[in-house]
Amino acid sequence: MTAWEAILLGLVQGLTEFLPISSSAHLRIVGELIGSGDPGAAFTAITQIGTEIAVIIYYRKKIGAILVAWFKALSGANGNGWRARVGLGPRPGSVEVRHSRPGAVANHDAAMGWYIIFGSIPIVVLGLLFEDQIESTFRNLWLTVFTLAFFGLLLLLADVFGRQERELTSLTGPSAIGFGLAQALALVPGVSRSGGTITAGLTMGFTRKAAADYSFLLALPAVLGSGFYQLIKTLGEPIPAGAPGWGATIIATIIAFGVGYAVIIGFLKIIGNYSYKPFVFYRFALAAVVVWLLTSGTIDATGGVA
């Protein structure tokens, strides 16, 4: 992979990571089109470190508030019971509530810290169980065509029929698990991590912005964990023939960070004023283009690095 190809793939990663259109699918498709082949799951995971650093910087105040509240609650600052330590506050109808006695203090930021932890479990478990398939079978472009179209349809239905009343302050344990299960589906290119979690959020009645905000925050542990896991895994190993080298990977990661930060700002402004329909129609169009490219023999459904 040349430096220019790395720059192009970094641009693709940064432009598509936060949009509900699947960055992994775009890297897979563009890699085939420019002749470098499938850049591979490792390259995709490592370059995502760049985009997640952009999330950390953009949401630094919220992330800082969550971390401080989480540690304070865990240390017993809000009460000694388990509900206080996880930020839930007193149980409705409890003695403390009925008699207005001092008890556990609810803290939304502390609870959100736990919700993000528990919501990250599904993708970690499934990622380890299906590691081989993620790097091979799941990257078949015919499967990508299906996931682009099918999950685009689900996003459209959720955007049209979702109540869009709930804010993140109404987040609960079950809804956090729902977000987490949706995120795990993004192990298959074409689903889109943000698209899956945003679809789940809209289905559960969250507003467009609340679903997007939580999608970005929830991704941090899983995506950073996956990126550093692949980074450590590949250190010291010979680079397979046709796979991106370290220079190309570093260039792409840096580019992805800069572009990704700008995309976060633009994306949140778009969904604040419009719907997700443009992204849905883009997914349908991309699926159709990939079908044409596959049937015409322009790209190979299973091509990639050895």
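Begin by selecting Tyr59, which is buried, with a relative accessible area of 9%; buried means under 20% relative accessible area, exposed over 50%, and partly exposed in between, using a 1.4 Å probe and protein chains only. Before going further, note that this is a predicted model, in which local features need pLDDT of at least 70, side-chain atom pairs count only at pLDDT 80 or more, and totals for chains, interfaces and linings use all residues. Residues are numbered from 1 along each chain as its sequence is written, and side-chain values use heavy atoms, with hydrogens and water left out.

Tyr58 and Tyr59 form an edge-to-face aromatic pair, with 5.0 Å from centre to centre and 75° between the planes. Rings of Phe, Tyr and Trp (its six-membered ring) pair if their centres lie within 6.5 Å, and planes under 30 degrees apart count as stacked, over 60 as edge-to-face and the rest as tilted.

Next, look for the largest nonpolar core, which has 41 residues; a nonpolar core is a set of buried Ala, Val, Leu, Ile, Met, Phe, Trp, Tyr and Cys residues joined through side-chain atoms within 4.5 Å. Among the members that touch the most others are Met112, Tyr214 and Phe216. Helix α12 (residues 208-234) gives the most to this core, with 9 residues, where helices are DSSP runs (H or I, at least four residues) numbered from the N terminus.

Then select helix α4 (residues 60-74) and helix α7 (residues 108-129), whose axes come within 7 Å and cross at roughly 95°. Axes are lines fitted to C-alpha atoms, for helices over the stretch in contact, and angles run from 0 to 180 degrees between N-to-C directions. That makes α4 roughly perpendicular to α7, a term for angles of 65 to 115 degrees. Where they meet, with contact meaning heavy atoms within 4.5 Å, α4 brings residues including Ile66 and Trp70, and α7 brings residues including Met112 and Trp114.

Finally, select helix α2 (residues 23-33), which is largely enclosed by the rest of the structure because 10 of its 11 residues are buried. The buried residues of α2 include His26, Arg28 and Glu32. After α2 comes Gly35, whose phi is positive, near 90°.

Definitions and conventions
Helices (H or I, at least four residues) and strands (E, at least two) are DSSP runs, numbered from the N terminus. Angles under 35 degrees count as roughly parallel, over 145 as roughly antiparallel, 65 to 115 as roughly perpendicular and the rest as oblique.
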